[in-house]
Amino acid sequence: MSLAVAIQMDPIESIDIEADSTFVLALEAQTRGHRLHHYLPQHLSLTAAGAVATVRPLEVRRKAGDHFSLGAPETVDLASMDVVLMRQDPPFDMSYITATHILEHIQADTLVVNDPVHVRNAPEKLFVTRFPDLMPPTLITAERDMIVDFRSRHGDIILKPLFGNGGAGVFHVGPEDENLNALLEMFGTFFREPIIAQAYLPAVRDGDKRIILVEGEPVGAVNRVPAEGEARANMHVGARPDKSELSDRDREICAAIGPALKERGLIFTGIDVIGGYLTEINVPSPTGIQEINRLDGTRLEALVWDAIKARLATS
């Protein structure tokens with residue numbers, strides 16, 4: 001069955017077709033005969049008639065420098081679409097949250113992936129706190145003294161913004177690091193939200209494992225090894241993707257969180273595991289499909305579309 005699919009994402013001309021997960025999701029949809037439409041988050045509106053977007057018909061191809069074609073723009077009722085993929089990158093700010101509120105209006109008619117209500121309620125660094133037994137010691141606060149005490153108890157710590165992404169603003173602070181006060185002042189200047197302090201996990205030197213889950217079930221993993229002298233394991237700051245198998249501990253973590261993901265309509269998610277500890281649950285715009293595909297010879301995007309098809313069949 002051919003589906004009408006709208007993809008809410010960032011400008012498609014700027015994506016890396018060798019790394020972008022949305023690109024392979026679009027490519028798979030097109031291969032299945034689905035009709036693709038592209039729109040930017042700022043082209044999403046709520047009118048008296050409902051949620052509308054200025055979309056453009058989209059074709060994609062794996063050809064560097066010529067990976068897409070867009071047709072003429074038109075304003076459409078998103079309730080006329082079969083599927084909307086909410087795939088813009090964070091930051092998870094008020095613009096992102098507003099988009100979830102608007103997309104919530106079409107849920108009676110259209111499958112939004114992931115469910116916008118639960119995307120809104122599951123920011124990656126907060127949703128994970130629902131599973132405290134799986135996490136490293138973690139503190140979320142704006143209280144300076146609590147952070148100072150946390151470091152005195154745990155020694156090495158990581159400080160990061162609550163709604164940051166891509167490793168931006170992540171600092172490794174040692175037990176004698178004299179920059180702690182300056183860092184807290186900086187966070188207080190640039191962010192209104194509390195910040196996260198987390199016990200530093202030395203195992204990050206061996207890698208930060210990204211595990212992809214579809215309908216709460218693990219389907220693949222990639223180990224991201226930080227570059228020399230770098231505390232962050234994000235690939236866009238130089239981390240090396242290595243082939244990785246799921247350990248017994250990984251499967252234990254997935255079994256613990258999987259039902260909560262599925263029941264919330266979080267069809268496609270990614271989690272980060274360091275040294276057997278769950279550190280983040282990525283709900284808004286998970287990445288990692290292409291790296292896992294290359295290392296494992298898989299096509300995870302096909303599993304995502306199979307799950308979408310199954311959801312539509314039962315709706």
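A salt bridge here is a side-chain nitrogen of Lys or Arg within 4 Å of a carboxyl oxygen of Asp or Glu. Please keep in mind that this is a predicted model, where local features need pLDDT of at least 70 and side-chain atom pairs count only at pLDDT 80 or more, while totals for chains, interfaces and linings use all residues. Residues are numbered from 1 along each chain as its sequence is written, and side-chain values use heavy atoms, with hydrogens and water left out.

**Exercise 1.** Find the salt bridges that E28 makes with R32 and R299.

*Solution.* Start with the total: the structure holds 23 salt bridges. Side chains of opposite charge can pair when their charged atoms come close. Next, go to E28 and look towards R32: their closest N and O atoms are 2.7 Å apart. Then turn to R299, which meets E28 at 2.3 Å, N to O. This second pair links distant parts of the chain, 271 residues apart: E28 belongs to helix 1 (residues 21–31), and R299 to the loop between helix 8 (289–296) and helix 9 (300–314). Helices (H or I, at least four residues) and strands (E, at least two) are DSSP runs, numbered from the N terminus. Finally, widen the view: E28, R32, R299 and D306 are linked in a network of salt bridges.

**Exercise 2.** Is E28 buried or exposed?

*Solution.* First, the scale: buried means under 20% relative accessible area, exposed over 50%, and partly exposed in between (1.4 Å probe, protein chains only). E28 has 7%, so E28 is buried.

**Exercise 3.** Which parts of the chain does the pair E215 and R311 tie together?

*Solution.* Begin with the contact, a salt bridge of 2.7 Å from N to O. E215 sits in the loop between strand 13 (208–214) and strand 14 (217–225), and R311 in helix 9, so the pair joins parts that are 96 residues apart in sequence. As for accessibility, E215 is buried at 15%, whereas R311 is partly exposed at 24%.
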